[in-house]
Amino acid sequence: MGGSSLGPEVLAETFPPKSGFPKLHVLDSTDPAQVRAMENAVDLSKTLFIVSSKSGGTTEPNVMKDYFFARVAETIGTERAGHHFIAVTDPGSSLEKVATKQGFARIFHGDPSIGGRYSVLSPFGLVPAATAGIDIRTLIKHTLSMQRSCGPDVPPRENPGVQLGLAMGMPVLRAGTR
């Protein structure tokens with residue numbers, strides 16, 4: 001939910017599903033209809049759930065984890081349910097403790113100094129991306145290239161970030177002057 005899911009959601013919408021890798025679905029809602037639609041869209045016995053929460057104490061991801069863990073346990077048994085879950089969380093969080101207790105397949109630690117909204121290039125975005133078959137090396141390579149291209153030393157006319165901002169903002173500014 002929130003910042004830790006925005007990056008993976010953009011990646012899921014930007015990159016097409018890759019053959020041989022699972023399709024990345026992102027559930028960022030507690031709306032019962034959306035939860036049910038997600039549950040109906042996947043095979044619970046074959047789905048890998050990635051539970052992301054920096055603090056591990058956020059209500060919404062915990063409720064979703066509890067719900068889907070119970071549904072997977074009903075489908076394949078409680079003793080095997082944890083094998084269908086991965087946690088991405090900051091070290092020492094309550095989610096890490098629960099994931100250990102429930103036998104999650106893997107726990108990935110985030111960097112506590114990175115806020116959720118900025119975490120797409122941390123394990124919060126890279127774990128879902130890699131799971132879906134996105135080439136992480138290429139993603140990072142292009143990211144570093146754009147970081148240099150958008151640097152403070154790049155003149156505005158040559159800076160793609162500035163140009164994108166202008167392209168997005170000018171229609172709004174023009175509409176406001178009428």
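I began with the aromatic rings of this predicted model and found that the structure holds six aromatic pairs. The pair I looked up is that of F69 and F85, whose ring centres lie 5.2 Å apart with the planes at 45°, so I noted the pair as tilted. It links distant parts of the chain, since F69 belongs to helix 3 (residues 59-76) and F85 to strand 2, 16 residues apart.

I then checked how accessible the two partners are: F69 is buried, with a relative accessible area of 9%, and F85 is buried as well, with a value of 0%. I also asked which residues form one aromatic cluster, and the list came out as F49, Y67, F68, F69, F85 and F104. Over the ring of F69 I found the charged end of K65, 5.7 Å from the ring centre.

Next I turned to helix 5 (residues 94-101), where I recorded L95, E96 and A99 as the buried residues. They cover an arc of only 100° around the axis, which puts them on the same side of helix 5. On the other side of this helix I noted K97, T100 and K101 as exposed.

At the N-terminal end I found S93 as the cap, with a side-chain oxygen 3.3 Å from the backbone nitrogen of L95. After the helix comes G103, for which I noted a positive phi, near 70°.

Methods. Residues are numbered from 1 along each chain as its sequence is written. This is a predicted model: local features need pLDDT of at least 70, side-chain atom pairs count only at pLDDT 80 or more; totals for chains, interfaces and linings use all residues. Side-chain values use heavy atoms; hydrogens and water are left out. Buried means under 20% relative accessible area, exposed over 50%, partly exposed in between (1.4 Å probe, protein chains only). Helices (H or I, at least four residues) and strands (E, at least two) are DSSP runs, numbered from the N terminus. The arc is that of the directions from the helix axis to the C-beta atoms. A polar contact is a pair of N or O atoms within 3.5 Å; within protein, one must be able to donate a hydrogen and the other to accept it, and residues adjacent in sequence count only if both atoms are side-chain atoms. Rings of Phe, Tyr and Trp (its six-membered ring) pair if their centres lie within 6.5 Å; planes under 30 degrees apart count as stacked, over 60 as edge-to-face and the rest as tilted. A charge sits over a ring if NZ of Lys or CZ of Arg is within 6 Å of the ring centre and within 35 degrees of the ring normal.
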